[in-house]
Amino acid sequence: RDTTPNLDNLAKESLVFDNTFGHSSWTLPEGISIYTGLYPYTHGIMNRYDGKSLNPGNPSLIDVLNQEGYQTAAFTGGFDYNPKFGLTDRFSHYEECTNSLNINSGLDFYGELACTVPKAAAWLKNNANSKFFIHLQGYDAHCPFNQLPPHFYDPNYKGSEDFTSCIWTFAKTEPKIIDGQKYYEVYYSGIGAKKKYMFGEKDINHLIAIYDEGIKSADK
C-alpha cells in the first residue's frame, strides 16, 4: 500500500539513516538510548513505573546542541517522552499532546502528529533564522489501531474481534488448525494478557489494514 507519499517526498531531500538497529523493543528505553548513545542496561531506564529517570550526569545529544547554541525543541505525544523520565526536560522548549487533544482516534493517552506538527510549525516560524533542532513525534502508528471510521483499507471486514487494545504475542506463534482454517493465539493488553484469543487470517489482515491506516494518517 502507498501509505507514505509525503514522507517519501521528504526523504528525497533529507539525510536518511537506512541501516539502523533498535536497542529495545519499546519506546522509553529506546528513546533514551538514541539520545545518549547508551544501551538500556547502562542508562537504566527500563521501566515506566519504578520512578527512575535519566541521571543528570549522563550527557545527551540535546545537551551538546544546547551548548553549541542551537535552539532545541520537542513536540511529542507524551507518555514515554514525558519530561519526568529525564530526557525531554533537557530541550529548551517542550510541548506534548495527550488525552482530549487526540484528533483522529479514540486513543486514551497517545498524542498524534495531527497535534504535534502544527505546534512544531508554529515554533519553527519564530526560530527559522536560528540554528535549531526539532524532535517531532506522535503515536499514530502505535497500537491500539482504533482510528475513527470510516476505514478505507479492508472496509468490508465482518469480524467481531476487539481492536481497541494492543494485541500481543510474546513469542513466535505457530498456527492452530480449526475446521481447516489457521488461527493464532493472541492476547489483549487491556486485560493484562491473561486470556488467549484466537485470530484467524481475516482478523490478522484487518489488523494489518488498520495499522496501515495509522501510517497513512501520520503521513497526511
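**View A. The S-S bond of Cys97 and Cys115 in a predicted model.** The torsion about this bond is about -75 degrees, so the disulfide (a pair of cysteine sulfur atoms within 2.5 Å) is left-handed. Cys97 lies in the loop between β2 (93-96) and α5 (113-127), and Cys115 lies in helix α5, so the pair ties together parts that are 18 residues apart in sequence. The distance from S to S is 2.0 Å. Helices (H or I, at least four residues) and strands (E, at least two) are DSSP runs, numbered from the N terminus. Residues are numbered from 1 along each chain as its sequence is written, and side-chain values use heavy atoms, with hydrogens and water left out. Because the model is predicted, local features need pLDDT of at least 70 and side-chain atom pairs count only at pLDDT 80 or more, while totals for chains, interfaces and linings use all residues.

View B. Buried means under 20% relative accessible area, exposed over 50%, and partly exposed in between (1.4 Å probe, protein chains only).

**View C. The disulfide between Cys143 and Cys166.** Here the S to S distance is 2.1 Å. Cys143 lies in the loop between β3 (132-136) and β4 (167-168), and Cys166 lies in the loop between β3 and β4, so the pair ties together parts that are 23 residues apart in sequence. The torsion about the S-S bond is about 90 degrees, so this disulfide is right-handed. Both Cys143 and Cys166 are buried.

**View D. Pairing of the bonded cysteines.** A search of the whole structure finds 2 disulfides. With the bonded cysteines numbered in sequence order, the pairing is 1-2, 3-4.
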